[in-house]
Amino acid sequence: MAAGKGTRLRPLTTNKPKALVEVVEKPDDPASNLVMTGFYTFTPATFHDCHLVQPSDRGEYELPDAIDLLIQSGRTIDAIRMDGWRIDVDYPEDRDAAEERLQDEAEAVAEQ
C-alpha cells in the first residue's frame, strides 16, 4: 500500500489520513511493512463502481482491485494507520487464537 499525494510510493507513516495513490496486492518487494486490513467505510456510490472489477487469477473479485480502480478514476481514498495487532480469522483455529488473545488482554486489564 502506498499513500500520499505527488508520489507513487510514500509509506503511510502517521495517524493522519492520507490519500492512497496506489494499491498493490501482495507485491514482491513491498514499500513498507504496512498492510490493508479488513476495516473499510465506503459511500453507496462506491458499490456502483465495483462492477468494473474483473475476477482475479483465482476467480475472485478482490477488494484491493476495486480500491485501485477508484483511485485511478480520480476518487480520493484516505488511509489511516492503526496501531495494535491483527489476525486473520479465516479458519476456526484463527478465530480461536483471536478469542484467546482477546481474553488474555481482558484479564490483564481486569487485574490492573
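1. Quick definition before we start: accessible area is what the Shrake-Rupley method gives when it uses a 1.4 Å probe. With that in hand, the chain here exposes about 8600 Å², and carbon and sulfur atoms supply 52% of that area. Keep in mind that you are looking at a predicted model.

2. Now the overall layout. You'll find three helices and three strands in the chain. Walk along the sequence and the order reads β-β-α-α-β-α.

3. How much of the chain is tucked away? Of its 112 residues, 22% are buried.

4. Have a look at helix 2, which covers residues 63–72. Its buried residues are Pro 64, Ala 66, Ile 67, Asp 68, Leu 70 and Ile 71. Just so you can read such a list: an α-helix has 3.6 residues a turn, so residues three or four places apart point the same way. After helix 2 comes Gly 74, with a positive phi near 100 degrees.

5. Glu 93, Asp 96, Glu 99, Glu 100, Asp 104, Glu 107 and Glu 111 together form a negative patch. One of these residues, Glu 100, belongs to helix 3, which runs over residues 92–111.

6. Is Glu 100 buried, partly exposed or exposed? Its relative accessibility is 49%. Exposed would take over 50%, and buried would take under 20%, so Glu 100 counts as partly exposed.

Notes. Residues are numbered from 1 along each chain as its sequence is written. This is a predicted model: local features need pLDDT of at least 70, side-chain atom pairs count only at pLDDT 80 or more; totals for chains, interfaces and linings use all residues. Side-chain values use heavy atoms; hydrogens and water are left out. Patches are made of residues with over 30% relative accessible area and no salt bridge: like charges are joined within 9 Å, nonpolar side chains (Val, Leu, Ile, Met, Phe, Trp, Tyr) within 5 Å. A salt bridge is a side-chain nitrogen of Lys or Arg within 4 Å of a carboxyl oxygen of Asp or Glu. Lys and Arg count as positive and Asp and Glu as negative; His and the chain ends are not counted. The place of a charge is taken as NZ of Lys, CZ of Arg, CG of Asp or CD of Glu. Helices (H or I, at least four residues) and strands (E, at least two) are DSSP runs, numbered from the N terminus. Buried means under 20% relative accessible area, exposed over 50%, partly exposed in between (1.4 Å probe, protein chains only).
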